[in-house]
Each structure stands twice: as C-alpha cells, then as structure tokens.
Amino acid sequence: MDRTTRTVEDLLSLLDGLFTSEHKAGCLATGDGKDFWDRFYADRSRQVPFFVAKPDESLAGYLDQGTIAPGRALDLGCGAGRNALYLAANGFEVDAVDLSPVAVAWAEDRAHEAGADIRFLCGDAFALSATELSGPYDLVVDSGCFHHLPPHRRVSYLALLDRVLAFGGHLALTGFAAGEGGMGSELGDADLYRARELRGGLAYTPESLRWIFSDMVEVEVRRMREEPPESPLFGAPFLWTALFRREAAPAAPGGARPVPDLP
C-alpha cells in the first residue's frame with residue numbers, strides 16, 4: 001500500500017506519472033521526457049526547423065526595438081542553444097538549462113565554436129536549487145518548453161518565474177498556437193488527464209496565455225512571423241510568440257525595492 005504523498009511536490013510528481021509511457025506508448029511528458037529528448041537531439045543532421053542556429057524572430061525584434069536590453073538571461077529548455085547563443089552575442093550574461101544531456105552537449109559545442117561564454121545546466125529546471133538557478137534574471141526566454149508541460153506543472157512554472165524573474169523583468173515565450181494552422185493538442189485540461197497523454201504538446205489560445213500569466217503585464221501576444229530559409233532568424237506561423245513583463249516591486253520603507261525571494 002502506497003501512502004507517500006505528503007507535500008505539493010509529492011502530488012505533482014504523482015501526477016507526472018500519469019503521462020509516462022508505461023500508460024501509453026510513445027507519449028511525451030514530464031514523466032519520461034528526458035529519454036524522448038535525448039533521442040530527438042541525437043541526430044544533429046535531421047531536418048528539424050528549430051535545429052538551425054537562428055534566434056526567434058520575436059526575440060531579435062525585442063532587442064532591435066529596445067523593448068528589452070542586455071542583462072542577465074535564463075533560457076528555459078534551451079535545446080541546442082540557438083537563442084542562448086544569440087543573447088550571449090548581444091551582451092547578455094546567459095544561463096541555459098535543458099532536461100536532455102544530449103541537447104546540452106550540442107549547445108555546448110555550438111557555444112565553444114562561437115566563443116560564447118554561456119553557463120549551461122542539465123536537469124529539471126523545477127528541481128534545480130537556487131544556487132544553480134541563482135536569479136534574479138532580467139529576461140527569461142522559453143521557446144518550446146512551456147507547451148510540453150502537463151497542466152499541473154504550470155504551478156511549478158509560475159513558482160519558478162516568481163523566484164527567479166527580476167521585478168520589471170520580461171518573459172519571452174514561444175509556444176504552440178491553437179486554431180487554424182496551429183499545432184498541439186487542443187484537449188481541455190481535464191481531458192488530458194483522462195487520455196493520459198499530451199499528444200506531442202499543448203496548444204494555447206491568446207486568452208489562455210493571458211489568463212495563466214495574468215499576474216504579469218502583457219506587452220505582446222501574436223502569431224510568430226514565418227521566416228524564409230535564407231533568413232538569419234527562426235519563425236514559424238504555427239506558434240504564438242508572447243512577451244510579458246513582471247511589474248516593478250513597490251518601494252519598501254526607506255525607498256529600497258525588494259528583490260525576488262531566493263530560498
């Protein structure tokens with residue numbers, strides 16, 4: 001008899017297990033995602049759109065327009081490091097994390113070839129300590145991590161942002177778009193648990209993104225622009241791109257502003 005669930009993390013881990021491949025062959029989820037992504041990144045020659053060493057067109061635009069400025073950045077689910085490399089080349093101090101050691105090894109090779117100083121971390125971002133993900137970060141970039149999370153892990157995601165994102169900092173998010181031309185499962189949250197599979201990732205509407213990140217200020221939510229093969233940027237219209245800003249902290253007594261809590 002198993003009666004080991006005592007904490008919130010115990011409960012979240014229990015729910016992770018509903019999406020592992022022992023329930024449905026070939027599913028993609030937090031429970032056994034590492035093995036999937038290791039296989040996914042093993043062949044660097046595969047014709048996968050986001051294997052190219054190009055940054056998101058939206059991220060490049062935010063820098064060009066001055067919407068975001070160089071500072072400390074965290075690339076969540078960095079994959080082969082394309083956005084991390086771009087940020088480092090544009091004056092950011094970059095930490096980049098991915099669940100897959102195969103992906104991180106590729107990103108490290110790219111960084112070495114480019115002479116980029118990036119701190120790569122391999123592991124579950126929700127489980128890394130405050131020493132490893134030190135924060136506060138002025139920018140958190142997520143191009144394809146969030147939409148692979150089961151619904152209960154949004155709780156972990158928002159808690160991570162609350163811990164590491166600086167007041168006044170930005171979240172630059174790219175994820176599957178629901179609707180015509182979009183990708184990802186459009187099953188409701190409850191139905192995902194009944195089906196016990198994420199079907200390759202979850203699609204979102206602009207309204208759902210605004211609700212999930214309603215504690216932040218929306219700067220932009222739009223379809224990503226399609227970029228031609230010869231473009232130096234990555235862009236695919238089956239994705240949303242969004243930029244949210246964490247509000248500045250209210251002044252503490254004496255005029256000082258608090259920093260995010262770091263346990």
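Arg222 lies in strand 6 (strands are DSSP E runs of at least two residues, helices H or I runs of at least four, numbered from the N terminus). The model is predicted: local features need pLDDT of at least 70 and side-chain atom pairs count only at pLDDT 80 or more, while totals for chains, interfaces and linings use all residues. Residues are numbered from 1 along each chain as its sequence is written, and side-chain values use heavy atoms, leaving out hydrogens and water.

**Arg222**

- Arg222 is buried, at 16% relative accessible area (buried is under 20%, exposed over 50%, partly exposed in between, with a 1.4 Å probe and protein chains only).
- The side chains of Arg222 and Glu57 make a polar contact of 2.9 Å (a pair of N or O atoms within 3.5 Å; within protein, one must be able to donate a hydrogen and the other to accept it, and residues adjacent in sequence count only if both atoms are side-chain atoms).
- Beyond its neighbours within four places in sequence, Arg222 is in contact with Glu57, Ser58, Leu239, Trp240 and Thr241 (contact means heavy atoms within 4.5 Å).

**Phe234**

- Phe234 sits in the loop between strand 6 (217-223) and strand 7 (239-245), and is buried with a relative accessible area of 7%.
- Its C-alpha atom is 7.9 Å from that of Val52, a residue 182 places away along the chain.
- Outside four places in sequence, the contacts of Phe234 include Pro49, Phe50, Glu57, Arg82 and Leu239.

- Seven strands form an open sheet in the order 3-2-1-4-5-7-6, with mixed pairing (two strands pair if DSSP finds at least two bridges between them).
- Strand 3 (118-122) and strand 6 are the edge strands, each pairing on one side only.
- Strand 4 and strand 5 run parallel and are joined by 6 bridges; Asp142 stands opposite Leu173 in strand 5.
- Helix 3 (residues 57-65) packs on the sheet and touches strands 4, 5, 6 and 7, with its direction at about 35° to that of strand 7 (axes are lines fitted to C-alpha atoms, for helices over the stretch in contact, and angles run from 0 to 180 degrees between N-to-C directions).

**Nonpolar core**

- The largest nonpolar core has 32 residues, of which Phe146, Tyr157, Leu171 and Phe213 touch the most other members (a core is a set of buried Ala, Val, Leu, Ile, Met, Phe, Trp, Tyr and Cys residues joined through side-chain atoms within 4.5 Å).
- Helix 6 gives the largest share of this core, 4 residues.
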